[in-house]
Every structure is written in C-alpha cells, then in structure tokens.
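Subject: Structure handover

Hi,

Here is the structure I promised to pass on. Please have it open while you read the notes below.

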Amino acid sequence: MSLKECKNIDINKYELEVTVDAETFAAGVDKVFKRKVKNINVPGFRKGKAPKHIVEKMYGQGIFYDDAVNELYPEALNSAIDESGLKVIRDKIDIKVTAIGKEGLTFTATVTTYPEVSIKDYLKLKYVPKSTEVTDEIIDQEIDNVRSRNARVVTVEDRPAQAGDITVIDFKGFKDGIAFEGGEAENYSLTLGDGQFIPGFEEKLLGHSAGEEFTIDVTFPEDYPEEELAGADAQFDIKIHEIKMRELPELDDEFVKDVSEKSSTVAEYREEMAAVAKARLEAEANRAKEHQICEQLIDLVVADIPEAMFEIRIDNIIENLKQRLQSQNLNYDIYLDYLGMTNEEFREQHRAQAENDVKLNLAATKIVELENITASEEQIEEEFARLADMYKIDVEKVKQFIPREHVETNLQLDNAMKLVMDSAKESKTTKKTTTKRTTKKKVEEDKE
C-alpha cells in the first residue's frame with residue numbers, strides 16, 4: 001500500500017491517489033471470502049464448503065471486491081495520509097475506486113486539511129472587570145432568596161389576585177368561537193408574573209377574585225409554534241377556584257438556626273451570606289472576563305476554515321444533546337417536534353456556536369505552537385485522577401480508555417488559555433479587533 005500522488009485541488013483540499021498491491025489485495029479478498037463463504041450455496045458442495053475459485057466462477061470474479069475495498073481502504077488511506085505529511089480532518093473523506101482487479105486496487109481520496117492559522121497580539125487583550133463588591137442590598141437579596149425557598153403557601157381570601165400569586169384556574173380557549181386543541185385545563189396552578197402563558201394572559205387575571213368566572217381576549221405571538229394559532233386573536237373562558245400566596249418566614253434567629261449549619265444569629269448569618277455572595281460575584285466576574293477575552297481572541301484568528309470543521313462541530317453538539325436526552329429517556333426527534341423545528345433548522349440554529357467553538361480551538365492550538373506550551377507530568381497525572389474520581393473508576397482503567405496524548409493535548413490548550421487570561425489587562429472599555437470576524441468557544445467542550 002502506498003501513496004501514488006498527492007494533488008492540491010482547492011484551499012485546504014487535496015486529492016490522494018492510493019494504490020494497494022496485488023498481493024495485499026488478494027489477501028483482502030481471501031479474508032472476505034473466508035468470512036462469507038459459510039453463507040454461500042453452490043450446487044455440488046455442502047453449504048460453506050465451495051472453493052473460492054468455484055464461487056468466483058459462479059457469481060463473478062468481483063463478487064468479493066466491494067467488501068475487500070471496505071476491508072483494505074482504511075489502513076491504506078491512513079498510511080497514505082501519513083506519507084503525505086498532511087494534517088487531515090479525518091471525517092468527511094470522499095473515496096472513489098478508479099481501478100480494481102487481480103493487479104490490485106487504486107482509489108482516490110478527497111481529503112480536507114486543517115487550515116493555516118495566523119494570530120497576533122493575543123497577550124495584549126483587555127477586559128472590563130465586573131464588580132465583586134458585596135453591598136447590604138446584595139446580602140439582603142441573598143437572604144431573601146433563602147427565605148423564598150423556605151416560604152409556605154397560604155390561601156388568600158380577603159383580596160383579589162395580584163402579581164406573584166398562585167391562581168388555581170379552569171380555562172378554555174376559543175378561536176373564532178371554536179375551541180382549539182390544547183387550550184383547555186382544569187385546576188391549573190398558574191403563578192401570575194412568571195410568564196408561563198402567552199403575553200397578556202396572566203395580566204388579565206390580576207384584580208379578579210376566587211369564585212369569579214369571566215372571559216379574556218388575547219393575541220397569540222406571531223412566532224407561536226402552532227401555525228394555526230400564530231398571530232391569531234383568541235378568547236379564554238376563565239374560572240378562578242383559589243388564590244394562594246407564598247408567605248416568607250420571619251428573619252430571626254430561629255429561622256437562621258433552621259437554614260444554616262454555621263450561624264445561629266441574624267448578624268452571623270449576614271456575614272455567612274456575604275461570603276456566599278462574594279464567591280458568587282467572583283465566579284461571575286471570572287466568567288465575564290473569560291467571555292470578553294474569548295470574543296477578542298477569536299477576532300484575532302485569521303484562517304480559511306473549511307466548512308467541514310463547522311459541520312463536524314455541529315454533529316458533535318447534536319450527538320452530545322442526543323446522549324443527554326437518552327439519559328433522561330427522551331428522543332431527539334420528539335424533542336425537535338416539541339420545539340417545532342426540523343433537523344436542518346436545529347443545525348442552523350447551532351451554527352454560530354459551532355463556528356465559535358472551532359475558531360477558539362484553532363486560536364488556542366496555534367498559541368500552544370507559538371509559545372511552545374507543554375503539560376507537566378504532574379498535571380497529566382492530576383487530570384487522570386480527576387477523571388477517575390468523576391467516573392468513579394480506578395485511575396488505571398481511565399488510562400486504558402483515554403489516550404495519554406488526548407489528555408496532554410487538552411491540558412496544553414488549557415495552559416494556552418490560562419496564559420492569555422493571565423496576560424489580559426483591566427480596562428474601562430474592551431478593544432475590538434478588525435481582523436476576520438470569528439466567535440466564541442469554551443475549549444473544554446472540544447475535549448470529548
């Protein structure tokens with residue numbers, strides 16, 4: 001098996017002509033024959049016992065050729081790619097057989113290569129820092145959030161419904177005087193102000209009391225998923241059975257003892273919540289910094305990126321989604337039906353994310369090269385230990401399943417991003433670059 005010719009046919013596109021010698025091809029045919037002969041009937045022979053030359057005479061010389069090609073081309077192609085020295089995107093490869101027979105096999109493979117990337121000034125980026133100051137108002141909000149989670153629901157009897165109340169209602173929807181499918185429910189709990197229903201619906205329940213029956217007029221949004229209702233005027237018959245409200249617990253020492261393992265007084269609890277708020281604000285600030293830096297970093301990338309790279313990334317995004325849905329016993333096609341989208345529309349919706357992902361990964365990869373970034377032995381072992389802990393299996397088993405080179409490459413990308421983040425300077429405004437526009441990716445998403 002050898003590379004006969006390597007021809008550049010377009011930007012990041014090459015055509016490889018690959019040959020498989022007669023002896024290797026014959027061995028491939030023999031292997032296929034031995035696998036398939038047990039299911040072949042030839043008159044005069046027991047099933048599976050006919051010699052190869054008899055089978056070929058009866059069914060044609062090339063009966064096993066297609067399977068032999070499938071048997072041989074992966075190794076032959078990989079060998080040719082290695083011989084060519086090209087950095088090939090291993091998916092989206094087109095194969096075409098040009099000659100096949102006793103003399104051997106010749107095929108062409110149209111491959112896509114990774115682009116040449118240029119990037120400058122990646123250690124001169126700036127970001128606007130997000131405040132991490134903890135104010136009394138922020139502490140109050142943290143405490144109110146805890147109080148809200150511990151609120152009890154009580155029935156309201158002395159006033160009409162207001163924003164934030166939970167109404168228990170019957171409703172039935174009509175379009176042009178005719179009830180429509182999916183527009184009816186009984187004893188439905190609706191929190192007013194949560195935006196669960198179409199615009200205008202919840203607002204028109206405000207001011208009504210338990211026991212009332214009335215009709216409201218609403219208009220469905222133009223982009224409503226059900227085409228027959230999109231932009232349509234409708235009426236809903238409403239009956240309010242009950243109005244409830246969430247009653248917050250008093251903020252006192254008893255409440256603090258109930259919700260905290262560290263504090264026993266309100267004053268101590270405020271200090272505890274201040275620390276919680278500080279940690280949250282710092283995490284938000286780090287994410288905001290990362291977002292700003294990544295956007296600028298991607299803008300610095302100059303490259304002719306093959307369309308195949310974006311398509312492969314979209315494939316990965318969808319495959320990851322399918323696995324998450326499957327873990328919840330959900331189906332991807334049913335999920336699309338729920339969204340009211342086709343697979344093509346869903347892919348297009350994720351195209352911008354895919355472009356961001358690919359471009360940021362190319363940026364980080366180029367920085368690894370330019371800065372000669374490595375991953376230490378200690379980092380690699382710590383990462384294997386982290387993965388073992390995450391998957392709850394022995395670290396040696398992790399090393400069997402995940403190639404060391406894969407872990408090392410991902411750590412190099414992490415180290416490249418850390419270098420860029422650590423080099424960034426605070427500023428009142430971020431500087432936008434004017435090179436070829438690209439968008440954002442979290443490098444760790446490409447570690448799959």
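A word on terms before the details: contact means heavy atoms within 4.5 Å, while helices (H or I, at least four residues) and strands (E, at least two) are DSSP runs, numbered from the N terminus. This is a predicted model, with local features needing pLDDT of at least 70 and side-chain atom pairs counted only at pLDDT 80 or more, whereas totals for chains, interfaces and linings use all residues. Residues are numbered from 1 along each chain as its sequence is written, and side-chain values use heavy atoms, with hydrogens and water left out.

Let me start with a helix pair. In H10, Leu 360, Asn 361, Ala 364, Thr 365, Ile 367, Val 368 and Glu 371 meet Gln 412, Leu 413, Ala 416, Met 417, Leu 419 and Val 420 of H13. By class, this contact has nine nonpolar, three polar and one charged residue (Ala, Val, Leu, Ile, Met, Phe, Trp, Tyr, Cys and Pro count as nonpolar, Asp, Glu, Lys and Arg as charged, and the others, Gly among them, as polar). H10 (residues 351-371) and H13 (residues 404-423) pack at an angle of about 85 degrees, and their axes are 9 Å apart. That makes H10 roughly perpendicular to H13 (65 to 115 degrees; under 35 is roughly parallel, over 145 roughly antiparallel and the rest oblique). Axes here are lines fitted to C-alpha atoms, for helices over the stretch in contact, and angles run from 0 to 180 degrees between N-to-C directions.

Next, the sheet. Four strands form an open sheet in the order S1-S2-S4-S3, with antiparallel pairing (two strands pair if DSSP finds at least two bridges between them). S1 and S3 stand at the edges with a single partner strand each, so one side of each is left without a neighbour in the sheet. S3 is joined to S4 (residues 104-113) by nine bridges, and Ala 99 stands opposite Thr 106 in S4.

Which helix gives the most to the lining of the largest pocket? H10 does, with six residues.

Best wishes
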